[in-house]
Amino acid sequence: AEAAAAIARREVEAAADMAAPEIGVRVAAITADLSDIVYLEDVQNEVKMRGLVPVANGTTADLRWCVADGVTVNDEGLPSLVRYISVTGVRLVAPFDPLLNQTRLLNSVGKCSPALLSAGAGGGGAGGGLVASVGGGSRSRNNNREPDIYCHSGVLQMATDLLDELEPLITAMPATGEIRLVGHSFGGSTLTLLRAMLSNKFGM
């Protein structure tokens, strides 16, 4: 904990000395880097080597993920917290991770029947909105301009499982903080749906 706090202090001090464009480039570089290091065995050490504070890491729905904190600059030009959430894709089975099962993961990818993500206004529920329903069911008739939105059922289930796991780490963020979702390949698809679910549930 003390080491993490020391890293955070150094990040804040460094951010105070950097111009906003420099911070923006650094945040973009870290975002790209995290999409790769989340595959590595010692992900927490890799995070620290990049000047970030490791928060948590694990495996959910056969996708490895890590959460790390860094510093960005807000609209007022002041340093503020940025929390990175990075998720792997279907690239490899890490022999060091007994929770990751490639066969099970590929079966999830193969579950590509349509699942209701969002009901259009006036159809599929009171006032529409995000439904995130997995497992079939009847489709509603919607005669308004806004269509019901369906998505890949396997990805939606994985996004739902990830949200259940990561929600405490997301809601713990201060209102002034920023959350960056970083997903490689299939992880990007999963986080795209998770982002929509966050928008509906928390207005993020």
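Predicted model: local features only at pLDDT ≥ 70, side-chain atom pairs only at ≥ 80, totals over all residues.

Me: How do you know that the span of helix α6 agrees with its number of residues?

Reply: The expected span is 1.5 Å times one less than the number of residues. Helix α6 covers residues 186-202, which is 17 residues, so the helix should span 24 Å, and because its end C-alpha atoms are 24 Å apart, the two values agree.

Me: Which residues of α6 are buried?

Reply: The buried residues of α6 are Phe186, Gly187, Gly188, Thr190, Leu191, Leu193, Leu194, Met197 and Leu198. As a general point, an α-helix has 3.6 residues a turn, so residues three or four places apart point the same way.

Me: Why is Arg83 called buried?

Reply: The word buried is used for a relative accessible area under 20%. Arg83 has a relative accessible area of 10%, and therefore Arg83 counts as buried. Arg83 has its place in strand β3, which takes in residues 79-87, and β3 is itself mostly covered, with 7 of its 9 residues buried.

Me: What does Arg83 touch, leaving aside residues up to four places away in sequence?

Reply: With that exclusion, Arg83 touches Val55, Val67, Ala68, Asp69, Leu169, Ala172, Met173, Glu178, Ile179 and Arg180. As for Leu169, the side chain of Arg83 reaches its backbone oxygen at 2.7 Å, and the cut-off for a polar contact is 3.5 Å.

Me: How do you know that β3 pairs with strand β2 and with strand β7?

Reply: Two strands pair if at least two bridges are found between them. Strand β2, residues 63-73, is joined to β3 by 9 bridges and the two run antiparallel, while 6 bridges join β3 to β7, residues 178-183, and these two run parallel.

Me: What makes up the protein as a whole, and how much of it is buried?

Reply: The protein has 6 helices and 7 strands, which run from the N terminus in the order α-α-α-β-β-β-α-β-β-β-α-β-α. Of its 204 residues, 40% count as buried, and the protein exposes about 10,600 Å², of which carbon and sulfur atoms supply 51%.

Key
Residues numbered from 1 in each chain as written. Heavy atoms only, no water. Helix = DSSP H or I, 4+ residues; strand = E, 2+ residues; numbered from the N terminus. Buried < 20%, exposed > 50% of the residue type's maximum accessible area, 1.4 Å probe, protein only. Areas by Shrake-Rupley, 256 points an atom, 1.4 Å probe, with all protein chains shown as cover. Polar contact = N/O pair within 3.5 Å; in protein donor to acceptor, adjacent residues only side chain to side chain. Contact = heavy atoms within 4.5 Å.
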